[in-house]
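Work through the exercises below with the model open. Try each task before reading its solution.

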Amino acid sequence: MKELIRAAVLALVTVVTIPLTGFAQVDLTPERFSFAVDGPAVPGITSPAEFLGYEPGEQFSFHHDVVDYLTHLDSVSDRIQMHQYGTTYEGRPLYYLVVTSPANHARIEEIKANNLRLAEGDRLPTAEAADLIAANPAVVWLSYNVHGNEASSTEASMQVAYRLAVSDDPGVTSVLDESVVIIDPCINPDGRDRYVYWYRSMANNIVNKNAAELEHDEPWPGGRTNHYWFDLNRDWLWLVHPESRSRIAAYQEWLPQVHVDYHEQGYNSNYFTMPGTTPRNLEIPSAYDDWAKIFGDANAAAFDRHDINYATREAFDFYYPGYGSSYPTNMGAIGMLTEQGGHSRGGRAVKTNDEYVLTLAQRVFDHFTTSMATIETSVARRQALLSYFRDFFVNPDRDKTVFLFPDDEAGGNLYRMLKILHTHGVDIYRTTSTSVVTNTTDYWSNLPGRVNIPEGTFVVPVDQPRRVFVNTVLKRNLALEDSVTYDMTSWSMPLAYNIKAYHRSSSAGLSLEQVTELPEATSAVSKVGDPYAWVIDWSQQNAPMALAELWRKGYKVRAVRKTFSAGGKDYSRGTLVVLAGRNQKKSKSFVTDMQAVADYADVGVEALPSGQVEKGINLASSNSRPVPQPDVGLIVDSPISSYSAGQIWYMFDQDIKFGIDRIRKDDMGSIDLSEYEVIIVPGFNGSYKSLADTTMVESLKQWVSRGGVLIGLEQGADMLTSAQSKLTSIELRESLTSANDSTAGDGEDNYIRYEDREKQSGLKRIPGSAFRGTLDESNPLAFGMRTNVYSLKQRTAALEASDKYQIVGHYDKDPSRVLAAGYASEDEKKRLAGAVFAGVQPSGRGKYVLLVDNTQYRYFWIGPSRLLINAVMLLPGT
């Protein structure tokens, strides 16, 4: 009955979709790109075209249709088992297929366990390792469609699964005997469906090849990203999102020898296959480069047979460890990237700059071709791959370095970092006693010295199977071959999370035990007979979540501007105070509500019996200011960066659980600004005038003077300066380019060879580098934060210091120390030393807040994020 219903639905869909292709002037299914199965075939297995009702390349498939087809293969083929490994924000299921011979399926758990044994490094005896290498299949993992609008690869995944299920050719059956192929058909279903639903609603009856036509021009924010507009191909390491967390949990169960990440690039580009370019992570064994070339050569040979254009070596580095190509490489696999020309502008067919018509059918075929070539090459070199995999986890240099992290008792981001490390299979230890050790280097000063290591300090040794990964993510800085990078140059976890950290050459002098249960933030509520007030220290990591919950429950809350001590405890600036006298209507539910808030946010809540304290301000002091719940607007839509806006939206909506309004840029002129206490301008592209015209600037100026808080981040901060909108008197620090204008023609830099211009430009960039910053923690913008912070610089902009505004955060004033990790030229270090990255300028009853750097980048570089949280949640009341 189910098949009859599906047949009827397909007949209807066919009638509906025929007009989109029936009169097309473009051949969408060229015979050259055929998916026909030659040779013997297994009966009873339906092809994607037969099941879906259209040929490959005629249409983009909805995610639910892809799932239905793969479910069909699972039901009819003894070579395929389908597993759900997660669910997206929008409720779409995440699946992977395990494809291998029936005999291998019968012992799949044994194969998996043996594979993980090979990843035990020195802990696995050599003789046992040799036996496993000789007998175990290679594990090959193929990941498709992490960027939703690079949609051809999910179509290709169905063709790969079908070919492996249906072909009885000896070449295919031997591949299945000697490998386990894992197919993740769509890493990002939410983004894919966003793109596919849009594209199919815009598609023409007569296929239009012009890239400028509407069906090729995807609207903001596009389908590339997930629900919160995050790039999931940057989240393999940080596990911010459920797609990543569930995928890595599955990945760690397998640890494949080969992993390929399938992408698309601009439609004028030919197919990219391995190897890539510099810089490379020098922690990775040099043999990886040889393997990348072997697989790239196999892809090239397959393309040569079909006269398909391709390129290698000239683009795409794998230095950043959070890609789908580089994360597997740090886990012992030959991690690789492929990039097919097409992308969202490819549509079903697009005309390239050399008058070639690139079809969706070819894009699917090209990915299918490299997928099959990768599987075949893996099997042909199975034992050598397994040997590389095993050797990867061995510590050949017996490096005994350890990284040390004093317990912050959930006051910072340490527990978050430890959980990530544990998920990636890292062994973690704790000290069982206090020790004083020498030659121990502090991350902040980068100087060795004598250090007291308290009992309970967390220790991560390099001498463990995950040593490459440990060094890659915990070292303060990695060697950098080339400053011209595709992404960022600093990602050290202690810097990103602003964690107190040390490293030393060994664990000598430390008494250690392995951590078997990770620490977590816990709730705690103290009780007194008749509380005068309840207080929540603002330095707790989850204190903002607690404040949001207090507001939801209708409590009137205050925040202190000065420190105090009570009950033997010291409380930081920003500590929340709930006065019983100001919340009399809640008196009957005080105790249960405070326990509920503590449990909800995992914070400590203290009941104090008196407004008098032991030291500092009293609880009802004039320095204990009301913090009413603000209404917050976040400007979105073009030219706003969807990444910048998405990170802000995610932080408040998911992490703090405080709702904010997303307002389209074009609606800003028609809304009543008085309905908002806070407006956030994220980073954006282009001129500020495309974001705010003269009338809007004047409206914002009047709104701030009446009490509004206008926050600018990244280019949004630039917009608020005197150089652009003139909303404030704050000046941007002069750039090197501007400073050099007066001497144009005098320098050698003006005589750059054409071939060297890209590299020279790269030398002037700051590609995601960590700068040492100092905070004025007495300012409400920095309440609850440490004095020192690592600010992530991705551009050269900064503010000029001045007494005309409140300087809250500035870079180290010493050019030799301002750069903590990553790359910046000597000239830029000199120029930025002492420059300002966070400032506040009061105006009338309101405030302008300027945050030059992204304070919550990808939601892993969150050490500075409290600056934006304070600006939104505390500044309207202080």
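The model is predicted: local features need pLDDT of at least 70, side-chain atom pairs count only at pLDDT 80 or more, and totals for chains, interfaces and linings use all residues. Residues are numbered from 1 along each chain as its sequence is written, and side-chain values use heavy atoms, with hydrogens and water left out.

**Exercise 1. Describe the overall build of the protein.**

Step 1: secondary structure. The protein has 26 helices and 36 strands. These are DSSP runs numbered from the N terminus: H or I of at least four residues for helices, E of at least two for strands.

Step 2: extent. Along the principal axes, the C-alpha atoms fill a box of roughly 85 × 75 × 65 Å.

Step 3: A compact globule of 878 residues would have a radius of gyration near 29 Å; the protein has 29 Å, so the two agree. The radius is taken over C-alpha atoms, and the globule rule is 2.2 Å times the number of residues to the power 0.38.

Step 4: burial. Of the 878 residues, 59% are buried. Buried means under 20% relative accessible area, exposed over 50%, and partly exposed in between (1.4 Å probe, protein chains only).

Step 5: contact range. Take the contacts with a separation of 6 or more: 80% of them come from residues 24 or more positions apart. A contact means heavy atoms within 4.5 Å.

**Exercise 2. Characterise the packing of helix α11 against helix α13.**

Step 1: geometry. The axes of α11 (residues 287-306) and α13 (residues 360-380) come within 9 Å and cross at roughly 130°. That makes α11 oblique to α13. Axes are lines fitted to C-alpha atoms, for helices over the stretch in contact, and angles run from 0 to 180 degrees between N-to-C directions. Under 35 degrees is roughly parallel, over 145 roughly antiparallel, 65 to 115 roughly perpendicular, and the rest oblique.

Step 2: handedness. The crossing of α11 and α13 is right-handed. In a right-handed crossing the near helix is turned clockwise from the far one by less than a right angle; anticlockwise is left-handed.

Step 3: residues. From α11, the contact includes Ile 294, Phe 295 and Ala 298. Among their counterparts in α13 are Phe 365, Asp 366 and Thr 369.

Step 4: classes. The contact of α11 with α13 has seven nonpolar, seven polar and one charged residues. Ala, Val, Leu, Ile, Met, Phe, Trp, Tyr, Cys and Pro count as nonpolar; Asp, Glu, Lys and Arg as charged; the others, Gly among them, as polar.

**Exercise 3. Decide how enclosed helix α26 is.**

Step 1: count. In α26 (residues 866-873), eight of the eight residues are buried, so the helix is largely enclosed by the rest of the structure.

Step 2: inspect. The buried residues of α26 include Arg 866 and Asn 870.

**Exercise 4. Find backbone exceptions.**

Step 1: the rule. Most residues other than glycine have a negative phi, and most peptide bonds are trans.

Step 2: cis bonds. Trp 220 and Pro 221 are joined by a cis peptide bond, omega about 0°. Pro 221 sits in the loop between α9 (189-202) and α10. The bond from Met 274 to Pro 275 is cis, with omega near 0°.

Step 3: positive phi. Asn 145 has a phi of about 65°, and Asn 145 is buried at 0% relative accessibility. Asn 498 has a positive phi of about 55°.
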